[in-house]
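Subject: Structure handover and notes

Hello,

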Amino acid sequence: MSTVNRETARPAAGRAGIKKELPDHFKDYRHVWVFIELERGQVHPVSFELLGEGRKLADKLEVQLAGVVLGPPGEAIGNAIADAFAYGADLVYIVEASLLADYRNEPYTKAMTDLVATHKPEILLLGATTLGRDLAGSVATTLQTGLTADCTELDVDTDGSLAATRPTFGGSLLCTIYTLNYRPQMATVRPRVMPMPQRADKPVGRVIQHKLSITEDEIVTKVLGFLPDSQSATANLAYADVVVAGGLGLGAAENLQLVKNLARAIGAEYGCSRPMVQKGWVSADRQIGQTGKTIRPKLYIAAGISGAIQHRVGVEGADLIVAINVDPNAPIFDFAHLGIVTDAIRFLPALTEAFTRRLSPHNRDKLAS
Ligand SMILES: Cc1cc2nc3c(=O)[nH]c(=O)nc-3n(C[C@H](O)[C@H](O)[C@H](O)COP(=O)(O)OP(=O)(O)OC[C@H]3O[C@@H](n4cnc5c(N)ncnc54)[C@H](O)[C@@H]3O)c2cc1C
């Protein structure tokens, strides 16, 4: 059972004892960039969450916030540009080429590294999605700069360096990482870790075009086709408004059905703690927490989950956390807004029945909206 207090584990602001003169040529690097992840016509919402964070960093540094959109010619790229402005970008860099139709590491890395080499951003942020992680790693390696993955906080130090904070030692401590010797400073952030900023419909601003300098013959990866995504049914977990999750306290794989029943009754997604995945009772894409999904629902109901720090970090952005646990001293009661000390195996069916009786399909939709 973890009793780590995240506040006391939080590192002190600033880099006491490791102050270092930043090299002169760092002054050539200015502005904050956010990669606008456009895949198959859709912008991943983590891009907007990052624009929200990027805006704060850019304002502190008194520089501009830019979006970077890479994709094939067409309507989607125009929509992505409009979205980037609506979520706070001052300008947008685009590389528009049919070679960028489906994500492939080489042309995307080439587009991004050419842009960086030409326009020299001081900070480059990407979503820690499957695509973003792949791209961030190869961009950082090609540019030979530092990359801090899966950050939970981003800030600016007194000398203007990016202070990128992320969990370490299994999530029991937070550490702040600086890229002192290289530019740009790169960081990835998982979906839902940062709040979604307000959308403001403002006119499209300055768009800077850049040509892609790679040809099909230079790209070893070819896209032959797409297979149906086994995870598409659960893709909504991170962005669901209501989530019900079960933990080891459910005692047996078949008891997860109680969680699923409640989720269905209230129009929610269902998830689980990590041991449920390790036991093979639930698929990994349903795991919530530090090594699973981060969620920010309006309502989170956790049944038979102890509330270990690695689970807590994935759910503490929820507006209302309801915990059901037999142990009144379970750590989850330290951060749940509402605690119910009882046997989940008996309580879940009763709760499901009560909701089913009271909620018409119309009211259920209202609960989830
Ligand atoms: C590097 C690392 C990463 C990790 N990442 C994650 C992660 O992403 N997500 C995650 O969840 N965990 C993660 N963990 C594991 C984490 O530390 C905990 O072990 C895990 O969250 C515990 O899962 P649990 O609460 O389901 O089980 P337990 O800790 O065993 O808790 C079960 C709870 O159920 C209660 N209970 C028992 N019977 C009943 C009943 N009948 N009715 C109601 N309550 C009952 C018990 O009182 C207990 O509180 C990670 C660990 C490490 C080291």
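Below are the notes on what was found in it.

This is a predicted model, in which local features need pLDDT of at least 70 and side-chain atom pairs count only at pLDDT 80 or more, while totals for chains, interfaces and linings use all residues. Residues are numbered from 1 along each chain as its sequence is written, and side-chain values use heavy atoms, with hydrogens and water left out.

The sheet

Seven strands make up an open sheet with parallel pairing, in the order β7-β11-β6-β1-β4-β5-β12. The edges are β7 (147–148) and β12 (206–209); each has a single partner strand, so one side of each has no neighbour in the sheet. Helices (H or I, at least four residues) and strands (E, at least two) are DSSP runs numbered from the N terminus, and two strands pair if DSSP finds at least two bridges between them. Strand β5 (residues 91–96) pairs with β12 in the parallel sense over four bridges. Within that pairing, Tyr 93 has Ile 208 of β12 as its bridge partner.

Helices on the sheet

Helix α2 (residues 46–61) lies across β1 (32–36), β4 (65–71), β6 (123–127) and β11 (185–189), and runs at about 175 degrees to β1. Helix α5 (residues 130–143) also packs on the sheet, where it touches β1, β6, β7 and β11, and its direction makes about 150 degrees with that of β6. Axes here are lines fitted to C-alpha atoms, for helices over the stretch in contact, and angles run from 0 to 180 degrees between N-to-C directions. Contact means heavy atoms within 4.5 Å.

Thr 109

Thr 109 belongs to helix α4 (residues 105–119). Its relative accessibility is 7%, so Thr 109 counts as buried; buried means under 20% relative accessible area, exposed over 50%, and partly exposed in between (1.4 Å probe, protein chains only). The Thr 109 side chain reaches the backbone oxygen of Asn 105 at 2.7 Å. Apart from neighbours within four places in sequence, Thr 109 is in contact with Leu 135, Ser 138, Val 139 and Thr 142.

Helix α10

Helix α10 (residues 344–358) has 15 residues and reaches 20 Å from its first C-alpha to its last, close to the 21 Å expected at 1.5 Å a residue. The expected span is 1.5 Å times one less than the number of residues. Which residues of α10 are buried? They are Ala 344, Leu 348, Leu 351 and Thr 352. These cover an arc of only 100 degrees around the axis, which puts them on the same side of α10; the arc is that of the directions from the helix axis to the C-beta atoms. Their cover includes α6 (256–265), β15 (299–303) and β16 (320–325). Exposed Arg 346 and Arg 357 are carried on the face of α10 turned away from its buried side.

Backbone points to check by eye

Arg 183 and Pro 184 are joined by a cis peptide bond, with omega about -5 degrees. Pro 184 sits in the loop between β10 (173–177) and β11.

Arg 40 is not a glycine but has a positive phi of about 50 degrees. Arg 40 is in the loop between β2 (38–39) and β3 (42–43), and counts as exposed because its relative accessibility is 54%.

Glu 62, also not a glycine, has a positive phi of about 55 degrees. Glu 62 lies in the loop between α2 and β4, and counts as exposed at 68% relative accessibility.

Regards

Terms used. Polar contact = N/O pair within 3.5 Å; in protein donor to acceptor, adjacent residues only side chain to side chain.
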